[in-house]
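Welcome, and thanks for taking a look at this pair of chains.

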Amino acid sequence: MAVEVRIPTILRNLTGNQKQVQGEGDTLEALFADLETKFAGLRGRLVDDEGALRRFVNVYLNDEDVRFLGGLETKLGEGDTVTILPAVAGG
Amino acid sequence: MLTIDRATYDAIIAHARRDHPDEACGVVAGPLGSDRPARFIPMLNAARSPTFYEFDSGDLLRLYRDMDDRDEEPVVVYHSHTATEARPSRTDISYASEPNAHYVLVSTRDPEVVEFRSFRIVDATVTEEDVQVVDSYPE
């Protein structure tokens, strides 16, 4: 299951400066595991030590925030696009 | 140094005043690599809080897609502090994720005094910079 993944500026140091990378996986969890084999350190920026999606990272499947889908268990399909965007937030 | 045109500078302050006592937030986009804040985009503070701000997740995706389509980047990321000084809080520093952006802080604690300051936040290191307000950008 080939999926296109859009990488935000802040994480491009982990992807050799690539803005867009390809990954494989039938769930978001599997995709992140696959990406980790190619871009070491990426998964840890997206998922916390308890294995949950980090609170201030937004991940979208096509147009939808995965928090409103199945989180890390969200199913992916051929040709889907996953977009990662850090939250713009503060105090 | 942040160089910003008067109209955008005034618009940021007006947005901060309008949303007081909640924090206001937004972006000024500009052509990639130009370092020129050109397109003022006030955002909704989804947290609607006097002590926190966060762009709505759907708005955030639309904003970045739109900038991408126009070959723009966020040149300025701004927000207001409503009771404290115009400098990044610990939370601001920990969530800052645009190393190329100017982080603008406006304080609305005193309705008579304008506090507008700009910072770089890179790898959790904060550096204040000068702000130059110009009538318009050179051609």
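## The two chains

Of the 91 residues of chain A, 30% count as buried, where buried means that 20 or more other C-beta atoms lie within 10 Å of a residue's own, exposed means 12 or fewer, and partly exposed covers what is in between, with C-beta atoms placed from the backbone. Please keep in mind that this is a predicted model, in which local features need pLDDT of at least 70, side-chain atom pairs count only at pLDDT 80 or more, and totals for chains, interfaces and linings use all residues. Residues are numbered from 1 along each chain as its sequence is written, while chains are lettered from A and ligands numbered from 1 in the order in which they are written.

Chain A has 2 helices and 6 strands; helices (H or I, at least four residues) and strands (E, at least two) are DSSP runs, numbered from the N terminus. Read from the N terminus, the order in chain A is β-β-α-α-β-β-β-β. Chain B has 3 helices and 9 strands, in the order β-α-β-β-β-α-β-α-β-β-β-β. In chain B, 37% of the 139 residues are buried.

The overall dimensions sit side by side here, with the radius of gyration taken over C-alpha atoms and the globule rule being 2.2 Å times the number of residues to the power 0.38.

| Chain | Radius of gyration | Compact globule of that length | C-alpha span along principal axes |
|---|---|---|---|
| Chain A, 91 residues | 12 Å | near 12 Å | about 40 × 30 × 25 Å |
| Chain B, 139 residues | 14 Å | near 14 Å | about 35 × 35 × 30 Å |

For chain A, the radius agrees with that of a compact globule, and the value for chain B agrees with its own expectation as well.

Contacts (C-beta atoms, placed from the backbone, within 7 Å) tell us how each chain folds back on itself. In chain A, 48% of the contacts between residues at least 6 apart in sequence join residues at least 24 apart. For chain B, residues 24 or more positions apart account for 62% of the contacts with a separation of 6 or more.

## Nonpolar cores

In soluble globular proteins, nonpolar side chains tend to be buried together. A nonpolar core here is a set of buried Ala, Val, Leu, Ile, Met, Phe, Trp, Tyr and Cys residues joined through C-beta atoms within 7 Å. The largest such core has 33 residues, and those with the most contacts inside it are B:V27, B:V76, B:V77, B:Y78, B:Y103, B:V104 and B:V106. Two or more residues of this core come from each of β1 (2-5), α1 (6-19), β2 (25-31), α2, β5, β6 (102-107) and β7 (115-122) of chain B.

Leaving aside residues up to four places away in sequence, B:V76 touches B:V27, B:V28, B:P37, B:A101, B:H102 and B:V104. A second, separate core of 17 residues includes A:V5, A:I7, A:V47 and A:V66.

## Where the chains meet

How many residues does each chain bring to the contact? Chain B provides 20 residues and chain A provides 16 residues. On the chain B side, β4 (53-54), α2 (57-69), β5 (72-81) and α3 (90-95) each give two or more residues. The largest share, 5 residues, comes from α2(B). By type, the chain B side divides into 9 nonpolar, 8 polar and 3 charged residues; Ala, Val, Leu, Ile, Met, Phe, Trp, Tyr, Cys and Pro count as nonpolar, Asp, Glu, Lys and Arg as charged, and the others, Gly among them, as polar.

The chains also share strand pairing, which requires at least two DSSP bridges between two strands. Strand β6 (residues 89-90) of chain A runs antiparallel to β4(B), joined to it by 2 bridges.

## Backbone details in chain B

Most residues other than glycine have a negative phi, and most peptide bonds are trans. The peptide bond from B:H20 to B:P21, however, is cis, with omega near 10 degrees, and B:P21 is found in the loop between α1 and β2 of chain B.

B:R48, which is not a glycine, has a positive phi of about 40 degrees. B:R48 belongs to the loop between β3 (39-43) and β4 of chain B and is exposed, with 12 other C-beta atoms within 10 Å. B:A124 has a positive phi too, near 65 degrees. B:A124 lies in the loop between β7 and β8 (125-129) of chain B, and counts as exposed because it has 9 C-beta neighbours inside 10 Å.

How values were computed:
Two residues are in contact if their C-beta atoms, placed from the backbone, lie within 7 Å.
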